[in-house]
Structures are given as C-alpha cells and as structure tokens.
Amino acid sequence: MDIKRSLTVPGRFEYLATIADFIAVAGRDAGFDQDMIFHVQMAVDEACSNVIEHAYQGQDKGDITLSCHCDGKDWVIAIFDTGRPFDPASIPAPNLEPCLEDIKTGGLGLYFMHQLMDEVEFSFDEETGNKLRMVKRGV
Amino acid sequence: MEVGTTSHKRCSVVTVSGRVDSNTAPTFEETLKSVIEGGQRNVVLELDGVEFMSSAGLRAMVSSLKACKSGGGKLVVAAPSNRVAEVMQLAGLTSLFSVYDDVTAAVGSF
C-alpha cells in the first residue's frame, strides 16, 4: 500500500507526542510491524527535538513539517525546518564508555538516528531551510 | 508521563509511566533530583509502564545515577519495559545500571 502523508506542527516539545502518533498511524496503515514503527518513532523524535534545540534554538521559533512516504517496503521520512543551518559534523559523538565518570551523552540523539535508520541525509537550502531525509528499509 | 514516589526504609521508589521525551524529561529529572537532594541517595527507578524513552530520558537517568553515587548511594532500575531495555542497550548503558526484574528485588538489594 502506498502511503503519502504530511504534518506541520509548531516547534514545541509538547508536539512530539502528536508527531509520534502521526508516525504510528502511517506505519500501521502501510502494514509495518511494531518494531519498525518504534524505530522510526525514536529517530523522528530525536530529529525533531534537535530541530527545536539546535536549528530553532528554543521553542516557538518556527514550525516543523514532516512528510512520510511508505511504498509498502521502504519508509521515507523528510523533516523540514526554517531554522539555522544544521551541520551534523558539529555534533560530537557520544562517549559511551562503561565508566560513569567519563560518560558523555551529548550527541546521543544523532547517534540513535544513525543506528535506527538505514539512511540519514542532511541538506540546507537558502530558500527552504533545513531538510533531513531518513529511510528505513523494510525486510 | 506520570511519575510518583514511594519511600521505603532504605530507598525510594520512583515509578514512571507513559512517554519520557524532551517534553517530559525535565519533570522526570526534577522528580529524581528532589528525591536525591531530599536526602535519599538510594533510588529504585521503576520503568515497567514507560512506553517510550528518548535520549533526553536517558540523560536524566545518567545524571541521576551520578548524583546518587556522589552522595554515597545507588540508583537501580526495576522492571524496564521492553522498549526501555532496548534503548538502554542501544545507548550502551546496560553495564552502568543494575537492573532487576521487579521492584521487590530492587528494593531488597539495598
């Protein structure tokens, strides 16, 4: 089943649950299993949190638009914002050492996105802003 | 998200349910902070009812673990939901936390 949906919400953390529901409904309608839906929900939640924190540098600074395309096999998510250009290379990788004193959990969201999705691609356009494209391939 | 606290003789149990994300993680962290700064350095974090936990929630757990340890106590996890266990493993945090199957076992560890 081919599913194409989009959603625009204000850039506020309270809308993360709305975004999660949007992903869940799209995934169920496309016939994806619960594990796949959860992984995409996690990656999208981290991405949208990063948009608010880093691209907009706070809540109520702009909207977040998500587009979702499921072709029955692969799931393509695109997230758009009009915040500051986002450079993923500027985010340090988390230091996930077993020693509690040395652990650094900054960058964990971006790390999750790469672990949970098969493709993660950032781009910026002067007119349209940031675009994050993520793909989760079905089995 | 709902969060509640129960005091026991040797520890406090903080029970969390629902979503722990960037919207709710501050409340989650504040609750843990108030328990720890209130003098209880031994904490059981019951996570059976948590359906979703993002990196924001994990950061709150790590900072609370550090706070307990610096006060001479310990924070342990009881009955993590499957999804919480999955994200803890993904983040490489399972070796940092003692995890118990249920609250009784976790409370009994103190």
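Predicted model: local features only at pLDDT ≥ 70, side-chain atom pairs only at ≥ 80, totals over all residues.

Reader: How many residues are in the largest nonpolar core?

Author: It has 74 residues. Those with the most contacts inside it are A43(A), C48(A), V43(B) and L45(B). A nonpolar core here is a set of buried Ala, Val, Leu, Ile, Met, Phe, Trp, Tyr and Cys residues joined through C-beta atoms within 7 Å. Buried means 20 or more other C-beta atoms within 10 Å of the residue's own, exposed 12 or fewer, partly exposed in between, with C-beta atoms placed from the backbone.

Reader: Which element gives the largest share of this core?

Author: Helix α2 (residues 34–55) of chain A, with 11 residues. Helices (H or I, at least four residues) and strands (E, at least two) are DSSP runs, numbered from the N terminus.

Reader: And what is L45(B) in contact with?

Author: Leaving aside neighbours within four places in sequence, V14(B), M61(B), L75(B), V77(B) and A78(B). Contact means C-beta atoms, placed from the backbone, within 7 Å.

Reader: Switching to helices. At what angle do α1(B) and α2(B) pack?

Author: About 10°, with axes 9 Å apart. So they are roughly parallel, a term for angles under 35 degrees. Axes are lines fitted to C-alpha atoms, for helices over the stretch in contact, and angles run from 0 to 180 degrees between N-to-C directions.

Reader: Which residues of α1(B) meet α2(B)?

Author: A25(B), F28(B), E29(B), L32(B) and I36(B). Their partners in α2(B) include A56(B), G57(B) and A60(B).

Reader: Now α3(B). Which residues are buried there?

Author: V84(B), V87(B) and M88(B), in residues 82–90. They sit on the same side of α3(B), because they cover an arc of only 105° around the axis. That arc is taken from the directions from the helix axis to the C-beta atoms.

Reader: What covers them?

Author: The cover includes β3 (42–53) and α2 (55–70) of chain B. The face turned away carries the exposed N82(B) and Q89(B). Just after α3(B), G92(B) takes a positive phi of about 75°.

Reader: Last one: why does T6(B) count as partly exposed?

Author: Because T6(B) has 13 other C-beta atoms within 10 Å. T6(B) lies in strand β1 (residues 2–7) of chain B.

Terms used
Residues numbered from 1 in each chain as written. Chains lettered and ligands numbered in written order. Contact = placed C-beta atoms within 7 Å. Parallel < 35°, antiparallel > 145°, perpendicular 65-115°, else oblique.
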